[in-house]
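Dear colleague,

I am passing on the structure we spoke about, together with some notes on what turned up in it. Please read the notes with the structure open beside them.

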Amino acid sequence: MNDFTPDDHRFMARALQLAAMGLYTTDPNPRVGCVVVRGRQVVGEGYHARAGEAHAEVRALRAAGEQARDSTVYVTLEPCNHHGRTPPCVDALLTAGVSRVVVAMEDPNPLVSGQGLERLRRSGVSIAHGLMAEAAHDLNPGFISRMQRRRPWVRVKLAASLDGRTAMASGESRWITGEAARQDVQRLRARASALLTGMGTVLADDPRLNRRISAADLGVAGSVNQPLRVVLDRQGQLFPRARLFQDEAPVQVFTAEHHVEALQARLAATGARVQGVREAHGHLDLTTVLTALAALEVNEVHVEAGPRLSGALMQAGYVDELVVYLAPHLMGGDARGLLDLPIQHMADRIPLEIREIRPVGRDWRVTARPSAT
């Protein structure tokens, strides 16, 4: 058991703050922050900004310079011990001559998991880990999911009236929530690796399905990439004039296997990638879809879809988080509900853990996750 001091907590909290600065830019890499401390004085800080650029430890050690020798290093994720796009961070730590490394959580990547810490330990560096691990985990749910479960973290966003309605019976749904809530959604989109919807939503709303918030408004220096747009089009109906093809962000389409050839020909000029997926229970096999997205290094999937697809993801156990924006009005019993779920008995209810409730303009944002009890 590690006995962490108040200073340990303070410096790790700062490392977590630094890691969060990469929230919108590190994909597909994890968000990592690092603080170098000598004599209770911070001598270097750094965070990982973009894949291919220096890792957090390297940036912090560069800032510390010679003061890194015999220092304590606080890092939110286990230092890597393998060559990827950049050299191993363990090498940099050993070269700098640090004496102690405190890690929030081990790296879930099988190429790293425990190996970085073990090499540091064998080299005489004092090691402690597990400090503020839950906060570190919350920064990287998608990366952890992709490494441990071989699928992305799935977040389903919904907007509803106070009586749980998402559209009128006619399909009219603009706008249920206010401008502040819609702008808040853009931040969720910006942190995602991919935005996913179904063909029903494309036909009904013809969405652009992109991030519409600037890097400056996100507090990011430089550019922020658009997420991959993903459409589940079981019947091969997607059309090249759809608004989601109006900018250069990539589009991935999943369709039934017998529609692949025709859909590829129709969408050839758009540059969209089309992949065939077997059908199961009247819809595309969601396991195959999520596995394919993981293979594309997709960490977090942000879903904005109708009640049928959202319900299918929930029923299959693939929804990791629900974000529901509740508007202070009533739409009546004939309006459409949140999720299509075949629940007939109270015993079959799906339990949720409420993680957060907060106001966004005139609306309320409720964040929940499926619970085991």
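With a disulfide taken as a pair of cysteine sulfur atoms within 2.5 Å, the count comes to 0 disulfides. Cys 80 takes part in none, the nearest cysteine sulfur, that of Cys 89, being 3.7 Å away. Cys 80 is buried at a relative accessible area of 7%, where buried means under 20% relative accessible area, exposed over 50%, and partly exposed in between (1.4 Å probe, protein chains only); Cys 89 is likewise buried, at 0%.

As to provenance, this is a predicted model, in which local features need pLDDT of at least 70 and side-chain atom pairs count only at pLDDT 80 or more, whereas totals for chains, interfaces and linings use all residues. Residues are numbered from 1 along each chain as its sequence is written, and side-chain values use heavy atoms, with hydrogens and water left out.

The unreviewed UniProt entry carries a "binding site" annotation covering Ser 173, Arg 189, Leu 209, Arg 212 and Glu 304; such annotations are given in the numbering used here, with feature names shortened, and may be inferred rather than shown by experiment.

Of these, Arg 189 lies in helix H7, residues 179–191 (helices, H or I, of at least four residues and strands, E, of at least two are DSSP runs numbered from the N terminus), and is buried at 7% relative accessibility. Setting aside residues up to four places away in sequence, Arg 189 touches, among others, Leu 209, Arg 212 and Glu 304, contact meaning heavy atoms within 4.5 Å.

Leu 209 sits in the loop between helix H8 (199–205) and strand E9 (228–232), and is buried at 3%.

Best regards
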